[in-house]
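Student: Please take a close look at one part of this model, the pairing of its strands. Then tell me what packs against them, and give the cut-offs as you go.

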Amino acid sequence: IGHGGVPMKGSNGLATLEPDVAQSYITVDGQVEIRVKPTEIRLVLAVTSEGQTAAACAQSVNETIKRLTDQWSRSGIGRNDIVEDFIAVLPRYEFDVQTVRDREVAVEKRSGYLMQTNLHVAVKDDAGAMKAINIAFANGVSDVIAVDYWSKELDQLRTKARTDALKAAREKSDVLLALFESRPPII
C-alpha cells in the first residue's frame, strides 16, 4: 500500500495507480482574493548612451545617473530608494558595401557601443511617480520600462492567501466528500 492508501507497484518508489483509481477522481481547489492597497510605486527607467567606446558610454551613463539621483534627492526621494542595475554594453555595427573579388559584399564594421543601466526608484504615490518621471525626462531619460504598484506586506499576504485558499478547498471537499460512505483516499 502506497501513500494515502493507494496501491503501489514497481520498485522505483513512485505510486502506480490502478486504472479504476486513475480514471475516477475528484479535483477540489480553493481560491481567495485579497485586495491590497499599495504602500509604494516602483519605477524602472533605462539610462542609455551610445558612443565610440565603451568607456565613453559608461562616463555618459554615470553622469546622467549622478544628475538624476541628485535631483531626485532634492525632490524628496531618498538615496536608499534608488537602485542601480547595470544591464549591458553592446557593440553596434554598420554595414559597408565593399568590392571583394569583383563582387559587392556587405562588410560588418563596428560603429560604436550602446550601454544600458536601469534605475529602480521607489516613490510613495502617483504624484511622486510623475515628479520622478518628469525629472528623468528633463535629463534626457525617456525609457520608462515599468511602473509597478507595490506593497511591503505582499509576502505576508501571499502566505495568508495560500492558507485561506487551502482552508476553502478543505471546506469544499468536506461538503463534496460527505456524499461518500467512506472518504476516498487522497492521490
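Tutor: Val100 stands opposite Arg103 in strand 3. Strands (E, at least two residues) and helices (H or I, at least four) are DSSP runs, numbered from the N terminus. The model is predicted, so local features need pLDDT of at least 70 and side-chain atom pairs count only at pLDDT 80 or more, while totals for chains, interfaces and linings use all residues. Residues are numbered from 1 along each chain as its sequence is written, and side-chain values use heavy atoms, leaving out hydrogens and water.

The hairpin of strand 2 and strand 3 has two residues between the strands, and Arg101 takes a positive phi near 55° there. Further along, Gln98 is placed opposite Val105 of strand 3. Strand 2 (residues 82-100) pairs with strand 3 over 18 bridges, in the antiparallel sense; two strands pair if DSSP finds at least two bridges between them.

Strand 3 (residues 103-123) is also joined to strand 1 by eleven bridges, again antiparallel. One of the paired positions is Ala46, whose bridge partner in strand 3 is Asn118.

Taken together, four strands form an open sheet in the order 2-3-1-4, with antiparallel pairing. Strand 2 and strand 4 (143-150) stand at the edges; each has a single partner strand, so one side of each lacks a neighbour in the sheet. On average, neighbouring strands are turned by 20° against each other, direction ignored. Helix 2 packs on this sheet, touching strand 1, strand 2 and strand 3, and its direction makes about 20° with that of strand 3. Angles run from 0 to 180 degrees between N-to-C directions, and axes are lines fitted to C-alpha atoms, for helices over the stretch in contact.

Thr117 of strand 3 is buried, at 2% relative accessible area (buried is under 20%, exposed over 50%, partly exposed in between, with a 1.4 Å probe and protein chains only). Beyond four places in sequence, Thr117 touches residues including Leu45, Val47, Val61, Ile65 and Phe86, where contact means heavy atoms within 4.5 Å. Val123, also in strand 3, is buried at 5%; setting aside neighbours within four places, its contacts include Ile41, Ile77, Gly128 and Ala132. In strand 1, Ser49 is buried at 7% relative accessibility. Ser49 touches Cys57, Ser60 and Val61, and also Tyr113, Leu114 and Met115, not counting residues up to four places away.

The largest nonpolar core has 22 residues, and Leu43, Leu68, Trp72 and Val121 have the most contacts inside it. Strand 1 (40-51), helix 2 (54-74), strand 3 and helix 3 (126-138) each give two or more residues to this core. Such a core is a set of buried Ala, Val, Leu, Ile, Met, Phe, Trp, Tyr and Cys residues joined through side-chain atoms within 4.5 Å. Leu68 touches, among others beyond four places in sequence, Val47, Leu119, Ile135 and Ala136.

Helix 2 and helix 3 pack at about 145°, with axes 10 Å apart. The contact is made by Leu68, Gln71 and Trp72 of helix 2 and Ala132, Ile135 and Ala136 of helix 3. These residues divide into five nonpolar, one polar and no charged (Ala, Val, Leu, Ile, Met, Phe, Trp, Tyr, Cys and Pro count as nonpolar, Asp, Glu, Lys and Arg as charged, and the others, Gly among them, as polar).
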